[in-house]
Amino acid sequence: MQVVSISSLKGGVGKTSVTLGLASAALNQGISTLVIDLDPHADATTGLGVEPGTTAPIGELLRRPRKGGLDEIVSRSAWTLRQHRRHPQRQARLDVAQGSALTGFYDRPDLRPRDLRRLAKLLESSNNYDLVLIDCPPSLSGLTRMAWFASDGVVLVAEPSLFSVAGTERSLRALELFRKEFSTHLRTVGVVANRYREASPEHAFRLSELRGMFGERLLSPVIPEVPAWQQIQGAAHAVHHWPGEDIQGTATLFDELLGSVRSSLETH
Ligand SMILES: Nc1ncnc2c1ncn2[C@@H]1O[C@H](COP(=O)(O)OP(=O)(O)OP(=O)(O)O)[C@@H](O)[C@H]1O
Ligand SMILES: [Mg+2]
């Protein structure tokens with residue numbers, strides 16, 4: 001089982017979108033996946049076509065952990081049914097541990113070591129998945145640190161903009177300090193540049209800045225700005241299930257990105 005956190009210090013750069021794109025690619029490739037929605041906003045839960053509140057949210061289990069509890073609370077994504085209709089031979093599961101405001105309780109800077117380990121402990125008792133994607137809130141506070149502690153690797157998401165580039169550098173430093181402090185096996189998988197507009201000179205400049213700063217840690221491929229993205233998320237669809245050649249091009253990019261993420265964890 002590979003556990004990956006999708007994080008950024010800055011809000012709105014595309015953590016949830018990248019999580020959902022990777023989940024869509026995993027479903028397409030037949031990789032059984034659990035998305036853990038740690039963000040109190042529960043955007044990933046909604047994007048996966050699950051009505052928040054239909055089962056106990058992850059926040060409840062974090063506060064009152066019980067062995068095997070994770071497998072009891074997960075909900076099947078609505079994407080799974082569509083995928084099985086299209087490709088009955090590919091029987092991967094895609095589940096979500098639902099987000100809710102309850103996780104907000106842990107999003108504070110002074111988390112005790114006992115609390116930091118809560119998610120890692122829950123994951124220890126589950127072996128139904130090949131891949132776990134953790135959608136983090138926009139901070140490097142308690143929840144993100146709890147996610148990092150439970151993870152094999154971290155993907156940082158950045159937009160090609162001044163503040164996002166600066167924020168990503170800070171996140172990378174925080175990640176290095178975290179690794180030293182807790183000497184975990186955590187890897188920095190790399191930085192995903194999201195919402196790239198090819199025609200924008202500012203974006204081209206910021207992308208080259210990201211390349212200069214992060215070198216090989218800038219993951220390939222870059223994810224472009226997709227005009228239909230909001231529509232796809234609003235309809236709670238997988239990008240791989242959305243019609244149109246352009247969108248299928250983006251779906252292929254997420255297939256490649258998932259390959260980069262997974263192989264980075266395997267080779268270390
Ligand atoms: N590649 C893209 N093309 C077009 N729109 C995008 C793209 N990526 C993200 N968006 C849009 O940008 C907005 C923010 O994206 P998203 O919610 O994924 O960011 P986030 O980092 O998870 O935000 P938060 O910090 O609030 O959790 C959403 O409306 C989303 O639809
Ligand atoms: Mg989000």
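How many nonpolar, polar and charged residues does the lining of the second largest pocket have, by class? That lining has two nonpolar, one polar and seven charged residues. This is a predicted model, in which local features need pLDDT of at least 70 and side-chain atom pairs count only at pLDDT 80 or more, while totals for chains, interfaces and linings use all residues. Residues are numbered from 1 along each chain as its sequence is written, and side-chain values use heavy atoms, with hydrogens and water left out.

**Second largest pocket**
- The volume of this pocket (an open set of points on a 1 Å grid where a 1.4 Å probe fits, with protein on both sides within 12 Å along at least five of seven lines) is about 200 Å³.
- Its lining residues (those with an atom within 4 Å of a point) include Pro65, Arg66, Lys67 and Arg114.
- Helix H7 (residues 118-124) contributes four residues, the most to this lining; helices are DSSP runs of H or I with at least four residues, and strands are E runs of at least two.

**Largest pocket**
- The largest pocket holds about 510 Å³ of space.
- It is lined by 25 residues, of which Gly12, Gly14, Ser17, Trp229 and Gln233 are the closest to its centre.
- Eight of the lining residues are nonpolar, twelve polar and five charged.

**Asp135**
- Asp135, in strand S5 (residues 131-135), counts as buried (under 20% relative accessible area, 1.4 Å probe, protein chains only) because its relative accessibility is 0%.
- The side chains of Asp135 and Thr16 form a polar contact of 2.8 Å (a pair of N or O atoms within 3.5 Å, one able to donate a hydrogen and the other to accept it).

Technical notes. Chains lettered and ligands numbered in written order. Points joined across faces, edges and corners; volume = space filled by probe spheres on them. Nonpolar A, V, L, I, M, F, W, Y, C, P; charged D, E, K, R; others polar. Buried < 20%, exposed > 50% of the residue type's maximum accessible area, 1.4 Å probe, protein only.
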